[in-house]
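Colleague: I would like to learn how to read this model. Could we go feature by feature?

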Amino acid sequence: MARFSGKVAIVTGGVSGIGAAITRRLVDEGARVFLADINAAAVTAMSAELGAAVDGRATDITNEADMTALFEAATAAFGGIDIVFNVAGGSRPGAIVDMDLAAWDWNTRLNLYGAFLGTKLGAQHFLAAQKPGSIVNIASLNSQVPMHGGAGYSTAKAGVVMLTRNAALELAGAGIRVNAVSPGLVSTPLTGGLTQLPGVLDAYLERIPAGRPAEPEEIAGVALFLGSDDASYVNGENILVDGAWNTTGYPDLRAALAGLQ
Ligand SMILES: NC(=O)c1ccc[n+]([C@@H]2O[C@H](COP(=O)([O-])OP(=O)(O)OC[C@H]3O[C@@H](n4cnc5c(N)ncnc54)[C@H](O)[C@@H]3O)[C@@H](O)[C@H]2O)c1
């Protein structure tokens, strides 16, 4: 039997990049998926492409009324929800000394309010239905690693990880699991423009021992593991999926020391 047979998942940001890879893999493994994305046309197109297993609603994850309507629509469409993947997010860069509160708020709302609302409403749904459930938040390697111009985004993503841990603490007793995935560099529309600039991909690769960015499917595989019963005793965890990026930081002395051996 398929791993997600009979399961229903909400995927925010489910029409592009990592979210789209999660959606497609869930459908391949037997789930029904309710898409939530601000891009209404893409929600309609992906629902049509993937058939009866997929439905969706144009949703702004930063808006509580919109998110409440999303959970109502998903429940009406598929009869209940088992897993919530909070994937939608993004970055608007800016140095701290130049950043006004509007720019700070943009990063916080998209990356932290969205995950908070998805976690809160998912947990409320599971508690009301008196059934176990799983919530997977897509954070970022930037939850651990600062980047120039990335204070707003990185701080919000660090908040997503701590939100995940607090939610696991509060909800584990009710059979609800809340985990996070922290990707390093992934080839998606979010990063495509940046990595095409001269020198940018080479600069990234200096910090990625794997020697390449991840494909969205490689993040989806870990997200689905956390969402599945295979991870039934994993709760409050944050899994880095970064091609060993987070092992770097110490100087690479191999060339300097080669002559001494
Ligand atoms: N690509 C990377 O290298 C990378 C690395 C670490 C973390 N992430 C995180 O992974 C997640 C997905 O990123 P991606 O690279 O797939 O991006 P993407 O740009 O391909 O997809 C993001 C989706 O979110 C949707 N969205 C944006 N604002 C929204 C809103 N207010 N409400 C609802 N939907 C909204 C967009 O329409 C889009 O479909 C994000 O949280 C991102 O921060 C990405």
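Modeller: We take the ligand site, then a pocket, a cavity and some single residues.

Colleague: What should I know about the source before reading?

Modeller: This is a predicted model, where local features need pLDDT of at least 70, side-chain atom pairs count only at pLDDT 80 or more, and totals for chains, interfaces and linings use all residues. Residues are numbered from 1 along each chain as its sequence is written, and side-chain values use heavy atoms, with hydrogens and water left out.

Colleague: Which polar side-chain atom lies 2.9 Å from a nitrogen atom of the ligand?

Modeller: Take the rule before the case. A polar contact is a pair of N or O atoms within 3.5 Å; within protein, one must be able to donate a hydrogen and the other to accept it, and residues adjacent in sequence count only if both atoms are side-chain atoms. The atom you ask about belongs to D60. A backbone N or O atom of T59 also lies 3.4 Å from a nitrogen atom of the ligand. On the oxygen side, an N or O atom in the side chain of K157 is 2.9 Å from an oxygen atom of the ligand.

Colleague: How much of the ligand does the protein bury?

Modeller: Accessible areas come from the Shrake-Rupley method with a 1.4 Å probe; for residues, only the protein chains shown count as cover. The ligand taken alone exposes 830 Å², and the protein buries 89% of that.

Colleague: Now the voids. What is the volume of the second largest pocket?

Modeller: On a 1 Å grid over the protein atoms alone, a cavity is a set of points where a 1.4 Å probe fits but cannot get out, and a pocket is an open set with protein on both sides within 12 Å along at least five of seven lines; lining residues have an atom within 4 Å of a point. Grid points are joined across faces, edges and corners, and a volume is the space filled by probe spheres set on the points. The second largest pocket has about 190 Å³. Its lining counts 13 residues, with P132, G133, S134, R177 and D229 nearest the centre. By class, that lining has three nonpolar, six polar and four charged residues.

Colleague: How many cavities of 30 Å³ or more does the structure hold?

Modeller: One. The largest cavity holds about 40 Å³ of space. Its lining is N86, A88, N111, A115, N137, I138, K157 and V160. Two or more of these residues come from each of α4 (101–129), β5 (133–138) and α5.

Colleague: Is D82 buried or exposed?

Modeller: Buried means under 20% relative accessible area, exposed over 50%, partly exposed in between (1.4 Å probe, protein chains only). D82 is buried because its relative accessible area is 17%. D82 sits in the loop between α3 (64–78) and β4 (83–86). The D82 side chain reaches the backbone nitrogen of V8 at 2.8 Å.

Colleague: What is the phi of Q130?

Modeller: Positive, about 50°, although Q130 is not a glycine. Q130 lies in the loop between α4 and β5. At 76% relative accessibility, Q130 counts as exposed. A244 is another non-glycine with a positive phi, about 75°. A244 is partly exposed at 31%.

Key: Nonpolar A, V, L, I, M, F, W, Y, C, P; charged D, E, K, R; others polar. Helix = DSSP H or I, 4+ residues; strand = E, 2+ residues; numbered from the N terminus.
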